Amino acid sequence: MKENKLVLGTAQFGLDYGIANKIGKPEENKVFEIMKYAVENGINYFDTAYSYGNSEIIIGKFLNFHKNYKNKVNIITKMSSLKNKKINEKNINNCFFQSLCRLKQASLYCYMIHDFNDIKNNCDEIVYSFTKLKNDDYIKKIGVSIYDKSQIKFLLKNFNFDLIQIPINIFDQRLLKDDILLDLKSRGIEIYTRSVFLQGLIFLDKNNLPSKFKSVKKQLEKLNDISLKFNISKEEIALAFIIAINEIDKIVIGIEKIEQLKRNIKIANNFKNFNKIKSFINFKDFVIEDENIIDPRKWV
């Protein structure tokens, strides 16, 4: 099966995650069904984090049961924020090896810093500890998860990393400006994008929006009109936008039901439609500048 750009995001497997998620965490047998279908249909990367509830444990159980998949799946996980503790090699290793144990793995494709402030406040300690994990073959890649351009600038000056996870979607196009992605690619950095559906915001009913999202009504109406006029789903529009960005290596998608996964894989494998979609959609019409909307950290 040909590998595609999709990465299976697993926050939903351990948490009630996403503003449009009405079913909560899927049952374990349903999660196993989702992961099995993903691997068998070209998704070779799973993205998780220690802070995603029991997501790591579920992945570990799945791979322990399906031992023939272990060599087919590249696992990316993230260090819990240590901002309330003194960060040193011992703390970092404790967190890492707990994740390794939960995942039932001997090594990982990538270990990421989940909280940018950990790097900003403890850069030397993190550089030393993560580099040692990489040199000792516990991880293949050192990764970072960020939210904005200022964080990327700091990292490029102060931290050597191999993989970056960034938010980009039809509403949030900040990181498509100023050749940021081209700069990252020129340095050989893998680029993964998350929040392609902005935690489900693009699926909300424009006539039944929470008060804090009232300003999004115009964009949701536009999205709905195009979807109906051209008989294409909102998922297809959102994914086509991201997949057509050449600099992006992988797209992390969160899944609650296997039907969602099947639709996303079908869209991702249908490359012929992307240029067609771009020909009748001006994606700049969807841009939202208000960071209170496009940054989920500010939704609380």
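Modeller: Arg297 lies over the face of Tyr147, at 3.7 Å from the ring centre, and Arg102 lies over the face of Tyr50, at 4.1 Å from the ring centre. A charge counts as sitting over a ring if NZ of Lys or CZ of Arg is within 6 Å of the ring centre and within 35 degrees of the ring normal. This is a predicted model, in which local features need pLDDT of at least 70 and side-chain atom pairs count only at pLDDT 80 or more, while totals for chains, interfaces and linings use all residues. Residues are numbered from 1 along each chain as its sequence is written, and side-chain values use heavy atoms, with hydrogens and water left out.

Rings of Phe, Tyr and Trp (its six-membered ring) pair if their centres lie within 6.5 Å, and planes under 30 degrees apart count as stacked, over 60 as edge-to-face and the rest as tilted. The pair of Phe97 and Tyr138 is edge-to-face because the ring centres are 5.0 Å apart and the planes stand at 90°. This pair links distant parts of the chain, 41 residues apart, with Phe97 in helix α4 (residues 89-103) and Tyr138 in the loop between α5 (116-135) and β5 (139-145); helices (H or I, at least four residues) and strands (E, at least two) are DSSP runs, numbered from the N terminus. Phe97 counts as partly exposed at 31% relative accessibility, and Tyr138 counts as partly exposed at 30%, where buried means under 20% relative accessible area, exposed over 50% and partly exposed in between (1.4 Å probe, protein chains only).

The rings of Phe116 and Phe154 have their centres 5.6 Å apart and their planes at 85°, so this pair, too, is edge-to-face. Phe116 belongs to helix α5 and Phe154 to helix α6 (residues 149-158), and the pair links these distant parts of the chain across 38 residues. Phe116 counts as buried, at 10% relative accessibility, whereas Phe154 is partly exposed, with a relative accessible area of 24%.

Finally, ring pairs also build a cluster, which links Phe97 and Tyr138 with Phe96, Tyr111 and Phe130.
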